[in-house]
Amino acid sequence: MASVNLAIRNVKHINKVLPKGKHSILSMRPGQFVEYMKTNDLKRCSVIHDGTNMSSQVSSPELRELQEFCSSENNQDYSKHEGLFFEIGPRSDALLGAFVWRTNRGQPCGGVRLWEYDTMQDYLSDGLRLSQGMGLKSALAGLWNGGGKGVIASPGKDKESDPDYRRKILLDYGDFVTSLNGAYIGAEDAGVTVADMDVIFERTRFMTCISESKGGSGNPSTATGKGIVCAMEATLDFLGEGTLEGKTVVSQGAGNVAKVIFDNLLDMDVGHIHATDINEQQLDRTEKMFAHKNHGRLTLEQVPKERANEVLSMPCDILSPNALGNVLNEMTIPTIQSKIVCGAANNQLGKLADNKSMMDRGITYVVDFLCNRMGIVKCANETYGRLTDDPALLQHFSKEWPHSIWNVTHEVLATAQDKGITPVEAAIEIADRESQKLHPIWPYRARKIIENLNMEGWVDA
């Protein structure tokens with residue numbers, strides 16, 4: 001098994017690492033932590049990994065609990081992350097964060113998430129886990145990028161929905177990213193849009209997924225959906241189950257990426273698609289989109305939120321989770337009636353052991369960070385210019401390039417089969433090995449930037 005320790009689970013299921021009293025930092029809401037920092041005259045703070053002493057170092061003694069949190073042997077989310085950076089937004093008073101994992105392969109690139117968290121432990125664990133996940137995803141995709149994640153703690157739906165206040169948050173985050181000198185490169189993620197990326201881009205050059213009108217790659221849904229279908233084809237081929245023609249597919253979700261999946265599947269003469277969603281308007285848009293090519297092969301169903309997981313038990317050839325995370329768990333796995341699970345949703349597993357449960361039931365799981373890679377692929381390539389039918393993108397859909405979705409799917413499933421381990425364990429093993437390779441031109445560049453920020457007193461600037 002690889003040395004990397006990736007905890008695959010939903011934030012709500014994180015075990016408390018360091019039980020503290022009611023005034024502990026970990027138990028604070030992010031807004032309370034902002035006030036705590038202000039009380040101690042802090043506007044910025046950081047936790048930097050000391051490679052010499054192999055320990056984490058916090059920027060202020062008042063925040064020693066963060067150092068203890070990262071150093072705890074029970075913390076499965078921390079894995080020698082090279083740098084954690086936090087700032088109070090001067091315009092918004094929001095907590096801004098950037099999490100940097102292993103950067104051997106290059107600058108860390110990952111989405112900016114605007115999300116509401118109950119506690120600081122939830123906030124920290126999400127950033128740690130997702131930055132490591134992005135590093136593994138990039139390595140598995142053959143990208144010369146490390147693992148990074150941006151996390152903005154939402155002050156609540158009402159405030160973040162106010163256009164003026166939302167702009168303040170985004171401008172603050174742009175300034176924050178600029179201050180890191182390229183130690184982290186941002187992209188689009190949960191809670192934000194391409195238009196939001198454009199606002200952040202006003203204040204920093206270290207941002208991707210900006211709109212095409214500003215030279216960016218725009219919405220990555222088209223490439224992501226195509227990648228999922230490519231992984232479905234590869235899995236069927238590996239299992240000796242033929243092609244997608246005539247197959248039945250069940251999709252949980254009918255959003256942007258799911259619509260691309262449906263479009264590709266219908267073009268490949270899939271037998272039938274049954275898709276559910278909790279959003280009636282989303283289903284109406286999907287129905288209109290495929291009215292000309294449906295011919296009775298696409299069934300759409302609205303379901304209430306409390307019944308969203310019932311679709312996972314429908315008999316089919318391929319089950320495709322394309323909406324929620326944490327849907328493959330001890331409650332749902334025994335009900336699955338599909339040989340293959342392959343979808344675009346992030347963090348589909350409740351915990352690592354859930355993949356073992358699927359394997360024991362004869363279900364082949366295509367690891368989410370393998371098949372939904374194309375979002376980060378498009379973002380990572382933005383700075384290299386744009387081409388029609390870009391070979392840097394098309395190689396991910398080929399059968400020739402060693403790092404293509406087709407070939408890596410075969411490699412992961414073959415490794416799992418040969419070693420008697422789960423596909424998730426196999427994918428982590430391969431990605432961990434690849435993530436330790438050095439960038440051919442800029443080895444340790446991001447690490448040196450972090451060291452430089454620390455030496456020049458970034459927290460006091």
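This is a predicted model: local features need pLDDT of at least 70, side-chain atom pairs count only at pLDDT 80 or more; totals for chains, interfaces and linings use all residues.
Local features require pLDDT of at least 70 and side-chain atom pairs count only at pLDDT 80 or more, whereas totals for chains, interfaces and linings use all residues. Residues are numbered from 1 along each chain as its sequence is written, and side-chain values use heavy atoms, with hydrogens and water left out.

The protein chain is divided into domain 1 (25-217 + 450-456) and domain 2 (220-380 + 398-421), with bounds from an automatic or database domain assignment. The domain centres, taken over C-alpha atoms, are separated by 30 Å. Contact (heavy atoms within 4.5 Å) involves 18 residues of domain 1 and 15 residues of domain 2. The two domains bury about 1400 Å² between them, 67% of it on carbon and sulfur atoms; buried area is the accessible area (1.4 Å probe) that two parts lose on being put together, summed over both. In domain 1, Lys137, Leu140 and Ala141 lose the most area to domain 2, together 40% of what that side buries.

On the side of domain 1 that touches domain 2, at least two residues each come from β5 (108-115), α3 (120-140) and β7 (185-188); helices (H or I, at least four residues) and strands (E, at least two) are DSSP runs, numbered from the N terminus. Helix α3 supplies the largest share of this side, seven residues.

Met120 is found in helix α3 and counts as buried, at 1% relative accessibility. The classes are buried (under 20% relative accessible area), exposed (over 50%) and partly exposed in between (1.4 Å probe, protein chains only). Beyond its neighbours within four places in sequence, Met120 contacts residues including Ile25, Phe33 and Leu95. The C-alpha atoms of Met120 and Ile25 are 6.7 Å apart, at a sequence separation of 95 residues.

The structure holds 29 salt bridges. One of them joins the side chains of Asp189 and Arg113 (2.9 Å, N to O). Asp189 lies in the loop between β7 and α6 (194-201) and Arg113 in strand β5, 76 residues apart. Lys356 forms a salt bridge with Asp360, with the closest N and O atoms 3.0 Å apart. Lys356 is partly exposed (38%), and Asp360 is exposed (53%).

Note on methods
A salt bridge is a side-chain nitrogen of Lys or Arg within 4 Å of a carboxyl oxygen of Asp or Glu.
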